[in-house]
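Trainee: I would like to go through this structure term by term. Could you show it to me?

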There are 2 protein chains.
Amino acid sequence: MSRTVLTLSRRARQQALSIALGLALGPALAAGPAGGPFPDAQASDPAKLGWMVGAPPPPDRVIRFDDGSYWAFPAMRWTVSNFRQLMPTVNVSRGLGPVAALPSALRDDLDAVRFTPLNSDRPMTWRESLDANYTDGIVVLHRGRIVYERYFGVLKPEGQHGAMSVTKTFVGTLAAMLVAEGVLEAGQRVDHYVPELAASAFGNATVRQVMDMTTGIKFSENYADPNAEVWAHGAAGNPLPKPKDYTGPRSYYEFLQTVKPEGVHGEAFHYRTANTDALGWILARVTGKSVAQLLSERIWSPMGAEQDAYMSVDSIGMPFAGGGLSTGLRDLARFGEMIRNNGVFNGRQIVPAIAVGDIRRGGSTADFAKAGYAQLPGWSYRSMWWVTHNAHGAFAARGVHGQTVYVDPKAEMVIARFASHPVAGNAAIDPTSLPAYHALARHLLAAPR
Amino acid sequence: MSRTVLTLSRRARQQALSIALGLALGPALAAGPAGGPFPDAQASDPAKLGWMVGAPPPPDRVIRFDDGSYWAFPAMRWTVSNFRQLMPTVNVSRGLGPVAALPSALRDDLDAVRFTPLNSDRPMTWRESLDANYTDGIVVLHRGRIVYERYFGVLKPEGQHGAMSVTKTFVGTLAAMLVAEGVLEAGQRVDHYVPELAASAFGNATVRQVMDMTTGIKFSENYADPNAEVWAHGAAGNPLPKPKDYTGPRSYYEFLQTVKPEGVHGEAFHYRTANTDALGWILARVTGKSVAQLLSERIWSPMGAEQDAYMSVDSIGMPFAGGGLSTGLRDLARFGEMIRNNGVFNGRQIVPAIAVGDIRRGGSTADFAKAGYAQLPGWSYRSMWWVTHNAHGAFAARGVHGQTVYVDPKAEMVIARFASHPVAGNAAIDPTSLPAYHALARHLLAAPR
């Protein structure tokens, strides 16, 4: 298997290099880059496989960034808990204040909760769903107390895991905060804040269209297409020295200036990572602080996080707003709990209630429907949150390999999950996760304790 | 000036690349790589110069690893507080326990303390010495309380700064702990623990000789000599992809196997970074844990550090034991205070008292004298600590650009300092720091409060 992992095809290497941190793939993608079948959760357990263990590790257990081995499955399951060992990163400081306690009230009745996966008639238990989804760690809060907590593979409570596209939700929330505070005008044009984007497709979009990903931009995240813009995006943001013959953009910001229009702004939801990078640039320009600094000052520090988080950076030190955040699992849960409480946590109003209310109400379901997510009927997307509009009013942050912050207001439940599913796309993961979350919520409502 | 910084000569680039993290230069080196004169502390203040500020930063304010700009003065003054933004790193977790408080009892009488620099007849104040030494941050503990604390440039209390060769002292202390516990035999040969080193100069040295740097190995840290082994060491440990025509060792461990003998083991002190890397390998082999893990489990977590630290890694993920640690300043002070208290801190015995006692007694002053440090008469080196054998029994950890942990038992004083002096060598820094430390100690003894 080590041979399989390390002897990557040129395409796989290019892909791995260009993805640079597991850039979030569109959740509509159903198939992993290398296709299947994949070893299951047990067979791909990164702790059992012994990646990067030993002094030195055996050659077939070394994971590298520059040869692409870091992103091949199953080595990727180690990588997601160790991005910082492969690439430059910037700290997201928790500051030096006290940790906001997450009281524990563990329950042993959740493993047996049953649900029926989407597109299936064969029930599954909650515990079984964790393996089905290649879960690396999961915390369930009920009424603010930890009722369930598990770690698998190489993730530890004191470790950090790539949040992937959950990063977008943090950036969207920061933007929503600044809008609520009047610092950022949602109706203003992008080029008002970032003149460098005037000639790009973003220039005449509004900030709100960027926040809700209804921009009309040409940005394919189809990895099967060698001309997809996502390759150029990854190559631009790759922190390694550029090849001598490289002529493309050399940073995320340079890339954003090359994005061409496609379609009309404001008519439909299109999940495109470049929107979040553009939003990160807007935030940095408006506040004079990087997304990492903002995250530290506006969320991480006030919420009393128990660990620093970090973000990957490109070659000029700009954090990857579209997917570069790694955090501790319980800090992800703290964030979810703060949002569930309408922005209040650790004794303070961290996100304005009006901003959380706007997120919870969601965006346009009609715009969302045009994106064709068959498994997400009636959903919408608002300020980089996925809103279910289900009976519980649930909404979520979602990352490409199964990372999530799932907030269920009616059940007073928050789920924070890190995962490393081999398939890069929630379409493959949702069938055994969305109904599991909802079943757990119903169980907690029925047996609240 | 930006032109000066970015238009580096080939030699400067090679040097910067090879140093890979500001590899500790021998403290005997009196002249900086580029010679002088250098802008003073104010003119080189990295906050004023605005490195890496802006979205994006202006091109002449971007600092990169791969072009060597990170290590050119004055950009280096930003780099030392931001190594992780330039290269891969591994976390040194503080764990999730409570922080051990460092009570504060700030005094305003220390700035005016006067001393006479070495080789000078012109007195200077303590406050003046901070600029003279390009201090980035300094904390003075007296009887365990913070009596003085200052930050300059881009270092913040919640930031981390490169400890450079102070890293060695942590590694030496870990080794001393394992010796005291009987896990590691100081009299045992290196190749007993690391058979891969049998054919190298380290093979027939004892662990103690490595710990005290009395090995007879060929390892020049003379950066003016293009054939100095320190270049090969840096190239081996450089985490960037190796050039196509590169045929040398590809990791720190591979490099160590190439080290040739020179002279006789156990006869004289020779300050050579490779010893610490070899010691790190021994520790990893004996414990099954990396130096970063050991540092977390044996020191950082038990001492109740307030921040995670981190270490740079080579291309196979091995931490740079010789100089790769970055820490918060107050955590460095906690470490010193723990050692001052014979290994007790945060309510527990962290380092065995017998190990601290052995360090405090020092090594052979005769062996040390042979190294010819004119400014360090009567000193010795033990378990990677510098022992003054002065009337106060002071001993210290020392880094190449002025970093220190200075423990003065008689004055019940600990100084933790981060600095970024343009000259890579304590010979240029000691004249305005060692007498300053001693003057402060005498002042605290005379006016203890």
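**Terms and cut-offs**

Mentor: Ala396(A) stands opposite Tyr406(A) in strand 14 of chain A. This is a predicted model, where local features need pLDDT of at least 70, side-chain atom pairs count only at pLDDT 80 or more, and totals for chains, interfaces and linings use all residues. Residues are numbered from 1 along each chain as written, chains are lettered from A and ligands numbered from 1 in written order, and side-chain values use heavy atoms, without hydrogens and water.

Trainee: What makes strand 13 and strand 14 of chain A a pair?

Mentor: Two strands pair if DSSP finds at least two bridges between them. Strand 13 and strand 14 (residues 404-408) of chain A have 4 bridges, in the antiparallel sense. Strands are DSSP runs of E, at least two residues, and helices are runs of H or I, at least four, both numbered from the N terminus.

Trainee: Which way do the side chains of strand 13 of chain A point?

Mentor: Phe395(A) and Ala397(A) point one way, Ala396(A) and Arg398(A) the other, and all are buried. In a regular strand the side chains alternate between the two faces of the sheet.

Trainee: Why is the pair of Trp126(B) and Tyr437(B) called tilted?

Mentor: Rings of Phe, Tyr and Trp (its six-membered ring) pair if their centres lie within 6.5 Å; planes under 30 degrees apart count as stacked, over 60 as edge-to-face and the rest as tilted. Trp126(B) and Tyr437(B) are 6.4 Å apart, centre to centre, with 55 degrees between the planes, so the pair is tilted. Trp126(B) lies in helix 5 of chain B and Tyr437(B) in helix 16 of chain B, so the pair ties together parts 311 residues apart in sequence.

Trainee: How do you know whether Trp126(B) is buried or exposed?

Mentor: Buried means under 20% relative accessible area, exposed over 50%, partly exposed in between (1.4 Å probe, protein chains only). Trp126(B) has 1% relative accessibility, so Trp126(B) counts as buried. Tyr437(B), at 3%, is buried too.

Trainee: What makes the pair of Tyr373(B) and Trp386(B) edge-to-face?

Mentor: The angle between the planes is 85 degrees, and the centres are 5.8 Å apart. Tyr373(B) is buried at 13% relative accessibility, and Trp386(B) is buried at 2%.

Trainee: How do you know that the charge of Arg84(A) sits over the ring of Tyr310(A)?

Mentor: NZ of Lys or CZ of Arg must be within 6 Å of the ring centre and within 35 degrees of the ring normal. The charged end of Arg84(A) sits over the ring of Tyr310(A), 5.7 Å from its centre. In chain B, Arg84(B) lies over the face of Tyr310(B), at 5.7 Å from the ring centre.
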